[in-house]
Amino acid sequence: MSHLFYQTKSPRPVLHRAEGIYMYAEDGKRYIDGSSGAMVSNIGHSNPAVLDAMRAQMEKSTFGYRLHFQTEASEELAEKIVARAPEGLDKVFFVSGGSEAVESCLKLARQYVLTQGEGTRYKVISRYPSYHGCTLGALAITGMSTMTAPFDPMMARMPKIPAPRAYLDGLDADDPATGLHYANMLEQKILDEGPDTVMAFIVEPVGGASTGALVPPAGYMQRIREICDAYGVLLIHDEVMTGGGRTGTFFGAEHWRTAPDLICLSKGFGAGYAPLGAMIARGDMVEAVMEAGGFVHGFTYAGNPLACAAGSAVLDVIDKGGLVAHSARMGDKLAERLRGLMQRYPLIGDVRGKGLLTAFELMADRATKEPLPKSLNAHSRLVDIAYDNGLIIYSRRTRGGTSGDHFLVCPPMIVTEEQLDEMTDILDRSLAQFMAEMPRMAAE
Ligand code: PMP
C-alpha cells in the first residue's frame, strides 16, 4: 500500500525511466508523454547536456542560502532570462514553482504600490476560468470553482472578468472588435471596483489548464495594456505555462508584442529537471521597494544553485536546438492533424492553441456549443483510454458558464512529425473507443 495520497482514482504504474518524449513503466510499457507531464518537460526527458550540467553543479554545491551567498548558477540564469525579457524587466527573483512565482508577483506589486503612496490599491483582477496556482493567494485570483470552493472563506474575494472565449460566444476571434469587447470588460470592472482600489490585472497570454489553450482575440492583449496604463493598474503576465518557447515564441505574449510589468515563469523553465520558477520584474519597481526597506518575501530554496544550473542548461538546449521555432512548426502540424480528427469526429467541437500549446474540446453539439453531459465524465474517461493505449494527454472540465471537456495535447518541443503521427493514431483509436462506449455511459 502506498503512503502517498495524490488525486488519482487508481494507482499509477511505477515510472522506471524516461527518455525524449517517451516514459517507461516498471512493467516495460511505453507511454508517449503527450502533455509533457503538466506542460513541463519541454525539452523531453533525460537530456544528456542538462544531466551533465547538473552533475557538474552538484560537484560544486547543491545549496547556498541566498542571504549568505550569491551563486554563479543563479547569476548566469538571471542574465539569460533578462536577455530574453521585454525591455525594462531586468530583475529576477527565483522560486521553486508556479504558485510561488505568482505569490511573489502579488507581494512585490503590493509593496510597490505602497512606495507610490497608493496603499488603497490591493485588488487583483483576474479572469474566469483561469488557473494561477494552489496556494491561498494564487487561489484567490484563480477562476475555477472546483479548485477554490472549499477554501472560499479563507481567501480574499478578488474581482474577475470573463476570459475571451469567442468560440463559445459565437464571435469572430480575428475581428479586432471582439478583442475590444472582451478587453473593455476589464475597464468596466476597474470602474465598478473603484480605480484607486485596483492594484493589478493578471492574465495568461495563452490559456492553460483552465481554458484549454485559449488564444486571445485580435487586439485583446494590446487593449488590456492600454487599460492598465490608463488606470495605473499593474499588468502581470502569468507565463508559467507559456514561458519557455512552447507557444512558438519564448514568452507567449511576444505574439502580440505587449510587455507586462511583472512575469511569472515556471514549468518549462526548469523543464522537469528541477523545481524552478521565477518572477521577472520591472527594475524601477524593484528599486523603489528595495529603497523603501526591501522585499518582505523569500522562500528558503529560492535561487537553489542546482535548480538554476538545470534551468540554464535547459535554455541552452532550447537555443541550440532551435526549439522555439520548431515548436511553432510542429504546433501547426499537430493542429492540422487534430483538425483532421475533427472532420471525422463530430464530437470534437473546437481545436485551438499556439505552437505546441494545443487543445481540442469535446461538445455534444458543435453548432450550439452544448457541452457533453457532466455525467459522461468525458474529460477523465478519454484520458484514461488514451493512457491505456500508451498516450498521455491532459484534460479538464471547467465550469463557469457554458463549458466543456477540453484536452491539452502538448508534447515536448523536440517532438518529430513521425511522432505526431504516432500520437494522432493513438488519439484516433482512443476517440473511437470512447465513442463506442458513449451510448452505454449515457444509459447508466
Ligand atoms: N499559473 C499557471 C498558468 C499554471 O498553469 C500553473 C500550474 N498549472 C500555476 C500557475 C501553478 O504552478 P505550480 O503548480 O508549479 O505551483
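Two strands are taken as paired if DSSP finds at least two bridges between them. With that in mind, Phe360 stands opposite Phe407 in strand E14, in a model that is predicted.

**Strand E12 and its partners**

Strand E12 (357-362) has a partner on either side of this description, E11 and E14. Six bridges join E11 to E12, and the two strands run antiparallel; five bridges join E12 to E14, which are likewise antiparallel.

Because six of the six residues of E12 are buried, the strand is largely enclosed by the rest of the structure.

The chain is divided into domain 1, which comprises residues 15-46 and 322-443, and domain 2, which comprises residues 50-320. The C-alpha centres of domain 1 and domain 2 lie 26 Å apart, and the contact takes 32 residues from domain 1 and 35 residues from domain 2. On the side of domain 1 that touches domain 2, at least two residues each are supplied by helix H1 (36-39), helix H12 (323-344), strand E11 (348-354), strand E12 (357-362) and strand E14 (405-409). Helix H12 gives the most to that side of domain 1, with five residues. By residue class, the side of domain 1 that touches domain 2 divides into 12 nonpolar, 13 polar and seven charged residues.

**The nonpolar core**

The largest nonpolar core has 126 residues, and those with the most contacts inside it are Ala278, Met279 and Ala310. Helix H11 (residues 305-320) gives the most to this core, with 10 residues, and the core draws at least three residues from each of domain 1 and domain 2. When its neighbours within four places in sequence are left aside, Ala278 is in contact with Ile81, Val92, Phe93, Phe94, Val95, Ala101, Leu265 and Phe269.

Helix H11 also holds Ser312. A residue counts as buried if 20 or more other C-beta atoms lie within 10 Å of its own, and Ser312, with 23 such atoms within 10 Å, is therefore buried. Not counting residues up to four places away in sequence, Ser312 touches Ala53, Ala73, Glu76, Leu77 and Lys80.

**The ligand shell**

Around the ligand there are 15 residues, of which Gly97, Gly98, Ser99, Gly133 and Val240 are the closest. Helix H4 (residues 98-115) contributes the largest share of this shell, namely three residues. The residues of the shell divide into six nonpolar, seven polar and two charged.

**Backbone geometry worth checking**

| Residue | Angle | Value |
|---|---|---|
| Met39 | phi | near 60° |
| Arg257 | phi | about 50° |
| Tyr128 to Pro129 | omega | near -5° |

The phi of Met39 is positive although the residue is other than glycine; Met39 is found in helix H1, and it is buried because 23 other C-beta atoms lie within 10 Å. Arg257 also has a positive phi without being a glycine, but it lies in the loop between strand E8 (234-238) and strand E9 (262-265). With 11 other C-beta atoms within 10 Å, Arg257 is exposed.

The remaining entry concerns a peptide bond. The bond from Tyr128 to Pro129 is cis, and Pro129 has its place in the loop between strand E5 (123-128) and helix H5 (136-140).

Conventions: Residues numbered from 1 in each chain as written. Predicted model: local features only at pLDDT ≥ 70, side-chain atom pairs only at ≥ 80, totals over all residues. Domains from an automatic or database assignment. Contact = placed C-beta atoms within 7 Å. Helix = DSSP H or I, 4+ residues; strand = E, 2+ residues; numbered from the N terminus. Nonpolar A, V, L, I, M, F, W, Y, C, P; charged D, E, K, R; others polar. Near = placed C-beta within 6 Å. Core = buried A, V, L, I, M, F, W, Y, C linked by C-beta atoms within 7 Å. Buried ≥ 20, exposed ≤ 12 C-beta atoms within 10 Å, placed from the backbone.
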